[in-house]
Amino acid sequence: MSDQMQFIVEKLNQEPFRKSYNLITFDSLESVQLLQLLNDVLGEIDPKHIVDIREELPEQTAKRMLTLLSILKYKPPGSVSDLSAFRQGLVTGSKPVIHPVLHWLLQRTNELKKRAYLARFLVKLEVPVEFLQDDTVADVNKQYEELMEAFKNLHKECEQLKTSGFSTAEIRRDISAMEEEKDQLIKRVERLKKRVETVQNHQRMLEIARQLRLEKEREESLAQQKQEQKNQLFHAEQRLQRAQLQLKEMHHAVVDSKPESLMKKLEEEINFNSYLTTEKVPRELESKKKSVYFLQKTVGEPALSRSDLNVLEMKINEVNAQINQLIEKRMSKYEPIDSKFSMYRQQASIISRKKEAKAEELQAAKEEMSSVERQMLQKTNQAQELEGSEVLKGDEFKHYVNKLRSKNTFYKKKRLEIAEITAEYGILQRTEELLKQRHEAIQQQLQAIEDKKGISGYSYTQEELERVSAVKSEMDEMKGRTLDNMSEMVKKLNTMVAEKKSSLAPVIKELRQLRQKCQELTQECDEKKIQYDSCAAGLESNRSTLEQEVKGLLEECIQEESNYRYVNCMKRNLEIQLQRAKEEMKMYVSPDPQERRKAIREQYTRMILEQENLGKKLREKQKVVRESHGPNMKQIKMWQDFEQLMECKRECFLKQQNQTAIGQVIQEGGKDRLVL
């Protein structure tokens, strides 16, 4: 209990309650304060319950809290009798009732907020059957149920999106990045428009580009339609092949079979299908429905803790043990050992199990056969796509094999030729390596001769000079070509500049006019802006004054409303007191003695008489006690003296016994010494 209170105090001191409680102050709360605290917690879960309980009757408060707790699926501990005590404790604000409710609510506040939010839309309104007979009411109720289902689906999608990993910060960043890209694209489009406007016939070119884009889109759509039609054609061919295969199988079945065998097959299929539809499928459907019902029931219940699961497992084990005991008792009572029915029942159960197993095997075999047929159709289609024709049979297959053999011999010949070429390639590679080695040796000999003659590096220098001269000649040619290209480019640029100047001259004139117009418009805009600012400032001041007036009127309205409620409560109390006074007067004046006895005045007079009689008796008793007090005290003193006297005698007797025992021991010791 202390842990529970500690948890409640910690949660109430945190956000959003911000209470400054400790264990002592929380435990010292009165019933009205506890009820207000419980109402605040319920108001945090469902904002509709943010009310002051002093402004409503206790019955209304209890009814409202019980309704919300039932929606939140709070289960009070105990039996049905404890439920009535729970309601009474909730009305009176009992601590043993309020503390567990607060602990349960504060443990799962976020979950309960979600449940309360969903309850506003998913708690179905019960409409009487006689009202649903009206077409208008039935249509409205149907729309209400459809909207409820739509809300369920939208809420599920919202929860999936929340748990899918997309955060609002990432989405905002993406949106800001996309807006920046949009601005950049707009600027780029404006720059491109400015560039294009300087080109001659730019409108015609834009129109041609637009037509080209439309044609490309049309081409893509046509290609997509073509692909879709190809897919449809492929599927139609597959269906046709399946139908032809079934037709062929039916032809073979008709040719190879007789009417009796066909009837027998049909009877077997009918029996199997009837067994599936009447026995197996309904049994499986019933088991699935039961499992779905139990799962829905489990989902609808609140989350169970580990202790609750352990308790349920213990109950299940106990119930299973009881079931086994009952089965054993039934077998020992109704099925004696010498009974023949047990054997027949066992055989029937074995046959039914075998029947179910065989039916499942047959179903699996049919599914496997259908899958094998689909695979066969896929393989035939693949073979047709690869070869371009159907699968070969008979003489065509033999011809194809002979063709493959001839190709194989040709392949072997080519393979021998490739081997000879690779061998020759190895020989040539080896000769190349030998020639490289010989070249290196000759180069070394040439270098040694140059060193002897004193002209080392002559051959290398000569090669470098030849290479440099070749590069120089190439560079000269390139320079000549580039100079020619540059001169042509300069001529083209000059002509283009002249053309652009001539084409831009009217545009520049228009631009000057537009600039003047822009300056005039900017001046007009500034003037309008000044007027707008002054008007907005005046309206803003009027708005602030009106808001202050509205605020004052609202405060006055709230004050008057509170005064009205106070006066209404006082009026209700006075009416109740007046009603009670009238009833009291009626009962007091009534000639019936029974009614007169029910009056409060009569009850109080009876109580006064009883209290007076009780006072007389107590005064007489007090008088008797006072008279007998002195002798009783003397008697108590005499008894105490007698008790002390007897205690003294007992101690003297014990001392005398101890002294006689010591004397006997001394005498026996003296005798022993004399004997020695």
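Mentor: Trp639 and Phe642 are about one helical turn apart, because they are three residues apart in helix α19, which covers residues 629-675. The model is a predicted one, and every value below is computed from it. A pair of aromatic rings is described by two quantities, the distance of the centres and the angle of the planes. The structure holds three aromatic pairs. One of them is formed by Trp639 and Phe642, with 6.0 Å from centre to centre and 85° between the planes. Planes over 60 degrees apart count as edge-to-face, so the Trp639 and Phe642 pair is edge-to-face.

Next, the exposure of the two partners. Trp639 has a relative accessibility of 55% and counts as exposed, because the cut-off for that class is over 50%. Phe642, at 45%, counts as partly exposed.

Now the charged patches. Helix α10 spans residues 168-197 and contains Lys187. On the surface, Lys187 gathers with Arg188, Arg191 and Arg195 in a patch of positive charge. The relative accessibility of Lys187 is 52%, so this lysine counts as exposed. Glu180 is also found in helix α10. Together with Glu179, Glu181 and Asp183, Glu180 forms a negative surface patch.

Ile600 lies in helix α18, which runs over residues 600-627. With a relative accessible area of 35%, Ile600 is partly exposed.

Last, the backbone angle. Most residues other than glycine have a negative phi. Lys73 is a residue other than glycine with a positive phi, near 65°. Lys73 sits in the loop between α4 (58-71) and α5 (80-92). At 35% relative accessibility, Lys73 counts as partly exposed.

To return to the part you asked about: the Trp639 and Phe642 rings are edge-to-face, and the two residues are separated by about one turn of helix α19.

Conventions: Residues numbered from 1 in each chain as written. Predicted model: local features only at pLDDT ≥ 70, side-chain atom pairs only at ≥ 80, totals over all residues. Heavy atoms only, no water. Patch = residues over 30% accessible without salt bridge, like charges linked within 9 Å, V, L, I, M, F, W, Y side chains within 5 Å. Areas by Shrake-Rupley, 256 points an atom, 1.4 Å probe, with all protein chains shown as cover. Salt bridge = Lys/Arg side-chain N within 4 Å of Asp/Glu carboxyl O. Lys, Arg positive; Asp, Glu negative; His and termini not counted. Charge placed at Lys NZ, Arg CZ, Asp CG, Glu CD. Helix = DSSP H or I, 4+ residues; strand = E, 2+ residues; numbered from the N terminus. Buried < 20%, exposed > 50% of the residue type's maximum accessible area, 1.4 Å probe, protein only. Phe/Tyr/Trp six-rings, centres within 6.5 Å; stacked < 30°, edge-to-face > 60°.
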